[in-house]
Amino acid sequence: MPEASNDRAAVEQPLTDAGVESARTLSQPVLSARNLTKRYGEVVAVAGLTFALEPGTITGFLGPNGAGKTTTLRLLLGLAQPTAGDALVFGRRYHELENPMHRVGAVLDSGDFDPGRSGRNHLRMLALAGDIPFDRAEELLELVELQAAADRHVRTYSLGMRQRLGLASALLGDPELLLLDEPANGLDPAGVHWLRGFLRQFAETGRTVLVSSHVLAEVAQTVDAVVIVNRGRLAATVELAGLGGAARSLEDLYLELTTTEAA
């Protein structure tokens with residue numbers, strides 16, 4: 001995610017025809033949570049959550065801290081097992097997918113890197129594990145404008161640079177679905193603008209994005225719909241077209257649903 005870029009860069013992400021066609025012809029939702037529940041002892045992190053995403057959409061995943069957003073993303077990625085219900089991607093549990101790196105890309109933690117590796121070596125290590133040519137790593141370093149810093153240790157990267165490297169990592173397998181947790185955190189306005197354009201172009205090719213964020217004004221400019229959760233439960237699913245795309249309207253709805261229930 002370049003911190004100084006232009007709109008043209010946002011449409012240069014290489015997308016394969018096969019991947020686009022696969023996303024467009026799916027008969028089931030790309031992603032679905034069905035009565036999804038996760039308990040940690042007496043703590044209920046997610047409680048009966050149900051929602052689904054269709055191909056070619058960007059959906060904001062909203063809720064206060066502790067609402068269960070990150071837990072839900074971990075359940076969808078098979079990093080935690082549900083107590084009840086199903087967390088499905090392309091109609092299957094994540095671990096049942098063939099070549100999952102080519103179906104799903106995710107960024108859950110901008111600090112999930114070996115600080116002693118360079119950005120280039122980090123991408124090459126992931127490419128080697130996924131049987132992906134190193135040329136793909138170079139394409140993505142160019143896409144997110146990290147070429148100049150590619151051989152620096154990740155520990156020297158700013159938060160915004162780590163966000164860009166995380167996105168490049170998620171895109172290595174040319175996936176059909178992106179799951180992103182606070183991807184704009186640490187970006188300057190130019191980087192946020194680039195990210196918005198990139199995600200829109202990604203979705204316009206028939207692919208799908210679920211993005212968790214606390215920045216409601218930015219969400220309102222980026223997504224097609226929102227899933228709002230509070231205390232682990234579904235509060236609402238709303239298409240932004242019904243709100244007129246106004247950031248203030250989304251903010252009003254969000255606060256009404258999350259602060260009233262918390263009172």
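Helices (H or I, at least four residues) and strands (E, at least two) are DSSP runs that are numbered from the N terminus. The model on screen is predicted, so that local features are described where pLDDT is at least 70 and side-chain atom pairs where pLDDT is 80 or more, while totals for chains, interfaces and linings use all residues. Residues are numbered from 1 along each chain as its sequence is written, and side-chain values use heavy atoms, with hydrogens and water left out.

Now colour strand 6 (residues 177-181), in which 5 of the 5 residues are buried, so that the strand is largely enclosed by the rest of the structure; buried means under 20% relative accessible area, exposed over 50%, and partly exposed in between, with a 1.4 Å probe and protein chains only. Leu177, Leu179 and Asp181 are buried on one side of strand 6, and Leu178 and Leu180 are buried on the other.

Strand 6 runs parallel to strand 5, to which 4 bridges join it, and Gly105 stands opposite Leu178 there. Strand 6 also pairs with strand 7 (residues 208-212) in the parallel sense over 5 bridges, with Leu180 opposite Val211. Val211 is in turn the bridge partner of Gly60, and strand 3 and strand 7, which run parallel, are joined by 4 bridges.

**Second stop: the largest pocket**

Stay with strand 5 (104-107), which with helix 3 (119-129) and helix 5 (159-171) is one of the elements that each supply at least two residues of the lining of the largest pocket. Strand 5 gives the most to this lining, with 4 residues. The pocket has a volume of about 620 Å³, and of its 19 lining residues, the closest to its centre are Ala106, Val107, Leu108, Asp112 and Ser169. On a 1 Å grid over the protein atoms alone, a pocket is an open set of points with protein on both sides within 12 Å along at least five of seven lines, and lining residues have an atom within 4 Å of a point. The volume is the space filled by probe spheres set on the points, here with a 1.4 Å probe. By class, the lining has 12 nonpolar, 4 polar and 3 charged residues.

Select Arg136 in helix 4 (residues 134-143), which counts as buried because its relative accessibility is 9%. The side chain of Arg136 reaches the backbone oxygen of Leu171 at 2.7 Å.

Turn to the open sheet of 3 strands, with the order 2-1-4 and antiparallel pairing. Strand 2 (43-53) and strand 4 (84-89) are the edge strands, each pairing on one side only. Strand 1 (residues 31-40) pairs with strand 4 over 5 bridges in the antiparallel sense, and Arg34 has Asp86 in strand 4 as its bridge partner.

**Last stop: Pro64**

Finish at Pro64, in the loop between strand 3 (58-62) and helix 2 (69-76), which counts as partly exposed because its relative accessibility is 23%. Show Tyr254 as well: Pro64 and Tyr254 are 190 residues apart in sequence and 9.5 Å apart in space, C-alpha to C-alpha.

Note on methods
Nonpolar A, V, L, I, M, F, W, Y, C, P; charged D, E, K, R; others polar. Polar contact = N/O pair within 3.5 Å; in protein donor to acceptor, adjacent residues only side chain to side chain. Pairing = 2+ DSSP bridges.
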